[in-house]
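Dear colleague,

Please find the structure below, handed over for your use.

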Amino acid sequence: MKRRKFIGLSALATASFYGSTIISTVSCKKDKQKTDTNYQAIVVGSGFGGSIVALRLAEKGINTLLIEMGKFYDVTQQKNTFSSNLPPDKRSTWLNNKSELPFGPNLGWKDKYTGVLDKVEFPNMNIYRNICLGGGSISNGGVLFAPTEQHFSQYISNEINYSQLANTYFPRVKQMLQATPMPADLFNSEHYKFAQVAKEHALNAGYNVLHADSFYNFDIWRKETQGEIEKSALNGELLYGNNNGIKNSLDRNYLAEALGTGKLTIKTLSKVTDVSFSTTTEKYQVEVETISDTGVLLDKQAFNSEYLFVCAGSVGTSEILVKAREKGNLPELNLEVGKGFGSNGNAFAIRNNINKPTGNIHTSPPTLSILDYDNPIAPLTAMQDIFPIGIDLRILLMVGQPYNEYRGKFNFDTSNNNFSLDWAANGMDQPKAAMRYFIDRLNSANGSGLDTLFIKSGVSDNFTYHALGGCVLGKSSDMFGRLNGYKKLYAICGSMLPGNSGLVNPTLTIAALAERNIEQILKEDFS
C-alpha cells in the first residue's frame, strides 16, 4: 500500500471514530471542527469527477478544500455501516421518513437521516442520486463499461481523441479502482443463476453479450461464499452500500491518496448554497451550510479560492451554476449552462414467467450486458440487473440504456428560489419503445413475458439513475470543462456529458474524462 494511501485511510478512520465533518491529516477530532476559509482550489462534490480532481490537485501540492453535501460512511469491523435491503432503515434514504425505490417495497421509519440515496422529483422525471462521500461509488453496481469508439464519436463527441481515452485514461481509472472481470467460476456458480439464465436467453434471441469489469473485490466475494464472513453481496446489498467492504469505492483510493498528500481538507454534510466571483480579489466565494446527520442546520460559512471546480453531478452542478447565473452572481456564464440534460435512456423492464429458476437472491455485482445495436427504434445495451427480494419469482430485471434524442433544461426562478427541470411527458418515448422492442424479442425467443405488477406500464419512463448533462463539454465550456465566461472555473462530473454516455453505464467515461481534463488543466492553468 502506498504510504500516502495508508495515511489517508488513517485520517478517514479517525474522522469516522470521532464523528467529524472535517477530515484532514491534521486533526479530525470533534473539538477541532473549524477549518481555514481560504484555499487555492475548492472542489464541490466527491463523486467520480470531484474525487479525481481532488487527488490530482493535491498531489501537485495545491492546497484544496473538497465540499461534500453528504455523510462519510466508513465500513467498520462491525459490518453494519449501511442499511440492509429488507427492511431498509433511515440510513438508506436522504432526509426522508421512508425509502423511495421506484418499484418498492418502500417502508417508513420515525426519524429523518442523511442516508445515501436521494430521489429528486421533477415533473415527468425523477432523478436518483447518491449523497455521501464517494458519491456513486458507494451504491452503484461497480460496473465499468467503455462505449465503443463509434458510439463515443456519434453520441458524445467527435472532438475528443478516443484512442487517448482507450490507451491512457480508461486503464488509469481501472488501475486506481483495482477493477477486474468477474472470475468465470463465480459467474457460473449457484449465486448467479439469474445472470446465467439471462445470458442463455440473450444468445437464444441472437444477441451478443459482454461481461463488465468491476471494482468489487472478488477475494472478499469468495470469503462470503465460503462462509468466512457475513454475507453482503450474496444478500444482494448494493443500492444502499455494501457492509463488508467489497467495493473499492472512491474513499478507499482517490480520496485516501489525496488526503495522504496533506494538501486536501474534506468538509462533509455541507451544502453549497451560493457561488460568486469578486473582481476585486479575483477569487470565488463559496457559501456553505453545514448540517447534522439528522438535517439540523449547524453552521454557515463562506470559503474563498482562486480556482473553483464544480463536480456535484448533473443535478448538483446545474443547480449551483444556473442559480449563480440567474441571481447575477456569475452573470457571464452562457445560456448553455443548464441545457443538455438527459436520462441516459434509463428504461427498466421486468421479464416474468422465466422457464428456469433465477434464484431467491440476485447477487451483486451485476455483470452481464446484452447488445442490441441494430434495434430499429434506437440502439441500446441492457444490463441484467439484480432484484434481491428473497424468493424466486422467476423474474429478471433489466435496465436498458437506449439512445434518446430528447433533452431537458434546468432552470432557476429567482422570484421563489425554485430550481426546476423542463422535461416533457413524452421525453422517454424513444427509449421506452426501443426497450419494449428488445424485451419482446427476448420473450418471443424464450417463451417468457413482460411483468406489469412492479412496473405497470411494462417499461419505465419517468426516472433515471444516470442523470447527465447541464454543463456539456463544447457548449457550456471548452472541451476540458473550463466554463465559458470565467477563468479558473470548471465543471467536471456527469454534467459534462451530453445527456447520454454512448449506450453504456457512465461511470468509466466520466472518470476517464475527469482524468483527461484535470491533466490538461494542471498543465495549462496552474503556474
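Helix α4 (residues 162–176) has 15 residues and spans 20 Å from its first C-alpha to its last, close to the 21 Å expected at 1.5 Å a residue. Helices are DSSP runs of H or I with at least four residues, strands are runs of E with at least two, and both are numbered from the N terminus; the expected span is 1.5 Å times one less than the number of residues.

This is a predicted model, in which local features need pLDDT of at least 70 and side-chain atom pairs pLDDT 80 or more, while totals for chains, interfaces and linings use all residues. Residues are numbered from 1 along each chain as its sequence is written, and side-chain values use heavy atoms, without hydrogens and water.

Shortly before the proline P171, α4 has a kink of about 30° at Y169 (the angle between axes fitted to the seven residues ending there and the seven starting there). Y169 is also among the buried residues of α4, together with Y162, L165, F170, V173 and M176 (buried means under 20% relative accessible area, with a 1.4 Å probe and protein chains only). Just after the helix, Q178 takes a positive phi of about 55°.

Elsewhere, strands β11 (residues 270–278) and β12 (residues 283–291) run antiparallel, joined by eight bridges. They form a hairpin with four residues between them, and E282 in the turn has a positive phi of about 55°.

Finally, the structure holds zero disulfides (pairs of cysteine sulfur atoms within 2.5 Å). C311 is in none, as the nearest cysteine sulfur, that of C493, is 5.9 Å away.

With kind regards

Technical notes: Pairing = 2+ DSSP bridges. Buried < 20%, exposed > 50% of the residue type's maximum accessible area, 1.4 Å probe, protein only.
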